[in-house]
Amino acid sequence: APAAPTIPASQCNTGSIQCCNSVESVNDSIVGVLLALLGIDIDGIDVLVGLTCSPLSILGIGGNSCSAQPVCCQNNNFNGIVAIGCTPINVNL
């Protein structure tokens, strides 16, 4: 699958920017099992899912850096376990 395009952090208008330990396709078998265990049904939707995410403050980016993947996600309502509909972002833009 082609890599998802990155967007500037300023274009994230779906909520807080997240720092996720990994970002996987919803079609990944492990992601599918995790979503099923959490009761999240997103069959037929091909999106990126962030795993073990925490909010990232752009204002404090120097001291609050993300050593994993900073992303902008559409649905962050799962207490950081997963974030759905993620787009990688470039915090330097």
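Strand β5 is largely enclosed by the rest of the structure, because seven of its nine residues are buried, buried meaning under 20% relative accessible area with a 1.4 Å probe and protein chains only, exposed over 50%, and partly exposed in between. The model is predicted, so local features need pLDDT of at least 70 and side-chain atom pairs count only at pLDDT 80 or more, while totals for chains, interfaces and linings use all residues. Residues are numbered from 1 along each chain as its sequence is written, and side-chain values use heavy atoms, with hydrogens and water left out. The chain contains one helix and five strands; these are DSSP runs numbered from the N terminus, with helices (H or I) of at least four residues and strands (E) of at least two.

**Strand β5 and its partners**

- Strands count as paired if DSSP finds at least two bridges between them.
- β1 and β5 run parallel and are joined by two bridges; in this pairing I7 stands opposite I89 of β5.
- β3 pairs with β5 in the antiparallel sense over three bridges, and V49 faces I84 of β5 as its opposite residue.
- β4 also pairs with β5 in the antiparallel sense, over four bridges, with V71 opposite P88 in β5.
- A hairpin is formed by β4 and β5, with six residues between the two strands. In its turn, N79 has a positive phi of about 55°.
- In a regular strand, side chains alternate between the two faces of the sheet.

**Overall organisation**

- Along the sequence, the elements follow the pattern β-β-α-β-β-β.
- Of the 93 residues in the chain, 33% are buried.
- Among contacts (heavy atoms within 4.5 Å) with a separation of 6 or more, 67% are between residues 24 or more positions apart.

**Disulfides**

- The structure holds three disulfides, each defined as a pair of cysteine sulfur atoms within 2.5 Å.
- C12 is joined to C72 with an S to S distance of 2.1 Å. This pair links distant parts of the chain, 60 residues apart: C12 is in the loop between β1 (7-8) and β2, and C72 is in strand β4 (residues 69-75).
- The torsion about the S-S bond of C12 and C72 is about 85°, so this disulfide is right-handed. C12 is buried at a relative accessible area of 14%, and C72 is buried at 5%.
- C20 is joined to C53 with an S to S distance of 2.0 Å. Because C20 lies in strand β2 and C53 in strand β3 (residues 48-55), the pair ties together parts that are 33 residues apart in sequence.
- A torsion of about 105° about the S-S bond makes the disulfide of C20 and C53 right-handed. C20 is buried at 0% relative accessibility, and C53 is buried with a relative accessible area of 9%.
- C73 is joined to C86, also with an S to S distance of 2.0 Å. C73 lies in strand β4 and C86 in strand β5 (residues 82-90), so the bond ties together parts that are 13 residues apart in sequence.
- For C73 and C86 the torsion about the S-S bond is about 100°, so the disulfide is right-handed. Both C73 and C86 are buried.

**Nonpolar cores**

- A nonpolar core is a set of buried Ala, Val, Leu, Ile, Met, Phe, Trp, Tyr and Cys residues joined through side-chain atoms within 4.5 Å.
- The largest such core has ten residues: V26, V31, L35, I40, I42, V47, V49, L51, V82 and I84. Helix α1 (29-37) and strands β3 and β5 are the elements that give two or more residues to this core.
- Another core, of eight residues, lies apart from the largest one and has C12, I17, C66 and C72 among its members.
- V47, a member of the largest core, touches E24, S25, V26, I42, I84 and G85, not counting residues up to four places away in sequence.

**Residue Q18**

- Q18 lies in strand β2 (residues 17-25) and is buried, with a relative accessible area of 5%.
- Leaving aside neighbours within four places in sequence, Q18 is in contact with C53, S54, P55, L56, Q69, P70, V71 and N76.
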